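Colleague: Could you walk me through how to read this one? I'd like the general idea each time, then the case at hand.

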Amino acid sequence: MNTETAATRLALRLAGLVYSTLCYLVFLITLLYLIGFLGRVVVPKNIDDGIVINSGWAALINLSLLLLFAVQHSVMARKGFKAWLSRFVPTCAERSTYVLLSSLALILLFWLWQPMPARIWAVETAWGSGLLTALFWLGWVLVLVATLLISHFELFGLKQAIDHWRNTTSRAHAFKTPGLYKWVRHPLYLGFLIVFWATPQMSAGHLLLALGLSIYLFMGAHFEERDLVDIFGEQYRGYQKRVGMVLPRLLLGRGEKP
């Protein structure tokens, strides 16, 4: 009986590890597609590809896709939803499930996104186009570095599954501000803002997506910061006073350090 129980537990831990690994791979493929979707490179359909339909219907469809992603991404991050989800999904797989559903929401957006090709701006000079393209790739580098400075694999659910597989307990999170986090509270969001807006060819569809995701980003940051204050209390409130949310504070108050 004990042998069967141990074998069952081992199988469940292995299943959790496989599930989280697959979720991470889906996320990785989705992220790479997002790079091509916004950067108009490599992928079979970018943000301006497809049959052009009535602009009103296109805007309505695209706004619906953005709203679906925002609701999924925000609601699943709240404590109440996590508590409800834990009734059906093991704790070690909760983050992976969140990552998987977020990826699926983005895949749906890629698939159903309607092109709105009207030009808002077009930078024709080689140096201007090159500068904006370089900023676009710099934004993605910033996104990657920001995740690595904290815990990349924990952020996307893989570390929890590895800890469960090893039958080890994750340590409680300590408040820390490594590297870029000494200068901005959310360098990850700064990277995404650069990615959304740094383009030499801004179409109406691209503008709609950039505006929608930027608004959602700041709304999400508000709720995330509220959760962080609940966790770290005055320590995080002091951090908020010293460090800008997505832009560095160049003029610090007397006696304050980054």
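Modeller: Let's begin with Pro248, which sits in the segment after α10 (234-242); helices (H or I, at least four residues) and strands (E, at least two) are DSSP runs, numbered from the N terminus. This is a predicted model, where local features need pLDDT of at least 70 and side-chain atom pairs count only at pLDDT 80 or more, while totals for chains, interfaces and linings use all residues. Residues are numbered from 1 along each chain as its sequence is written, and side-chain values use heavy atoms, with hydrogens and water left out.

Colleague: Is Pro248 buried or exposed, or something in between?

Modeller: Buried means under 20% relative accessible area, exposed over 50%, partly exposed in between (1.4 Å probe, protein chains only). Pro248 comes out at 41%, so it counts as partly exposed.

Colleague: Which residues is Pro248 in contact with?

Modeller: Contact means heavy atoms within 4.5 Å. Setting aside neighbours within four places in sequence, Pro248 has Trp183 and Val184. Leu208, 40 residues apart from Pro248 in sequence, is 27 Å apart from it in space, C-alpha to C-alpha.

Colleague: How do I check a helix such as α9 against its expected span?

Modeller: Take 1.5 Å times one less than the number of residues. Helix α9 (residues 204-232) has 29 residues and reaches 41 Å from first C-alpha to last, close to the expected 42 Å. Gly233 follows α9, with a positive phi near 60°.

Colleague: Which residues does UniProt list as "transmembrane region"?

Modeller: The unreviewed UniProt entry lists 12-35, 55-75, 96-114 and 134-158; such annotations may be inferred rather than shown by experiment. In the model, residues 55-75 are 100% helix and 0% strand, with end C-alpha atoms 30 Å apart. Residues 134-158 are 84% helix and 0% strand, and their end C-alpha atoms lie 31 Å apart.

Colleague: How many disulfides are there?

Modeller: A disulfide is a pair of cysteine sulfur atoms within 2.5 Å, and the count here is 0. Cys23 is in none, as its nearest cysteine sulfur, that of Cys92, is 11 Å away. Cys23 is buried at 2% relative accessible area, and Cys92 is buried at 15%.
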